Amino acid sequence: MSAGPLHAGVERYLSSLRHERQLSPHTASNYGRDLAALLDYCSANAVTAWTQLDAQHLRMFAAREHRRGLSPRSIQRRLSACRGLFRHLIREGELKSDPSGDVRAPKVRKRLPVPLDVDAMSRLLAFRSDESLGLRDKAIMELFYSSGLRLAELLGLDLADVDLRDRTVRVTGKGRKTRIVPVGKQALAALQAWLAERTKLAAVGEQALFVGVRGERLGPRIVQRRIARWARLQGLPEHVHPHMFRHSFASHLLESSQDLRAVQELLGHANISTTQVYTHLDFQHLARIYDAAHPRARRKRPPPPSD
């Protein structure tokens, strides 16, 4: 039998993601790739209707992806896409229950984010440039570090999102949720310098805050390459990528304030457990404070030698 009904169900679900939930094209593309793998499994195993799928099929599907070299994190994402599809099919009346309910993906070893330390970040941001692209790059990196933005959030900024007088930017994060974040003094100065230069590059009517040489909104690859280039020019040994600024922002802010809730709000995390990963980065700093401050932790001075 043809796998047409299966493909049709996936297409309807992807359409709902794009139009009803307004997911970004990148995220919708990831869903499509994960569900294409499920369709491929169904085709190879003579599954022609959603009602034929059961938990054993989903376990075999996960095992197949593992044998093909997918990481536990990728398999988790793939199963998550399947669950979203099954919930959609239940709402449409094509399924009565979720066949993946008892299926568990391999556990993912948590990797701590890697921030730059304060000295390395200061070194990276110390460059000066009078060229349009250099001024733009300076504003991008200062804003990344000042406000803890994700790459997609920064690239999505329009001119109207920046309030220089109030020293804030309005950010549209995951799930189309907006938040207002402060802009620090150095980032504000860099933004003002870029805005004075932006008119030389921006196409007529372009509303994007950051544009490229063609006058249009910047894409992620350009930002990644430019940041890596500046890191090399500034002599940093590690590979620097955009998300490293967000990690550094969170780590340095938490180190100074110890206010986990405030950092959660600034980062736009829906769940504080996501923010808590930065407490692990800060443990050594806290241990030093404890050793220096707690009465039971301070080392006693040895008594003076007796005569």
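1. In this predicted model, Phe245 makes contacts that reach well beyond its own stretch of chain: leaving aside neighbours within four places in sequence, Phe245 touches Met121, Leu124, Leu125, Met141, Phe144, Tyr145, Ile227 and Val240.

2. Phe245 is also among the residues with the most contacts inside the largest nonpolar core, a set of 41 residues in which Leu124, Leu143, Phe144, Phe210 and Val240 share that standing. At least two residues of this core come from each of helix H5 (118-124), helix H6 (132-147), helix H7 (151-155), strand E2 (168-172), helix H8 (185-198), helix H9 (220-233) and H10. Another core, of 28 residues, lies apart from it and includes Leu39, Leu58, Leu85 and Phe86.

3. Helix H10 covers residues 242-257, and its 16 residues reach 23 Å from the first C-alpha to the last, which is close to the 22 Å expected at 1.5 Å a residue. Its buried residues include Pro242, Met244 and Phe245, together with Arg246, His247 and His252. After H10 comes Gln258, whose phi is positive, near 60°.

4. Elsewhere in the model, helix H1 (residues 4-19) packs with helix H4 (residues 72-92) at an angle of about 100°, their axes being 10 Å apart. An angle from 65 to 115 degrees counts as roughly perpendicular, and H1 and H4 are therefore roughly perpendicular to each other.

How values were computed: Residues numbered from 1 in each chain as written. Predicted model: local features only at pLDDT ≥ 70, side-chain atom pairs only at ≥ 80, totals over all residues. Heavy atoms only, no water. Helix = DSSP H or I, 4+ residues; strand = E, 2+ residues; numbered from the N terminus. Expected span 1.5 Å × (residues − 1). Buried < 20%, exposed > 50% of the residue type's maximum accessible area, 1.4 Å probe, protein only. Core = buried A, V, L, I, M, F, W, Y, C linked by side-chain atoms within 4.5 Å. Contact = heavy atoms within 4.5 Å. Axes fitted to C-alpha atoms, helices over the stretch in contact; angles between N-to-C directions. Parallel < 35°, antiparallel > 145°, perpendicular 65-115°, else oblique.
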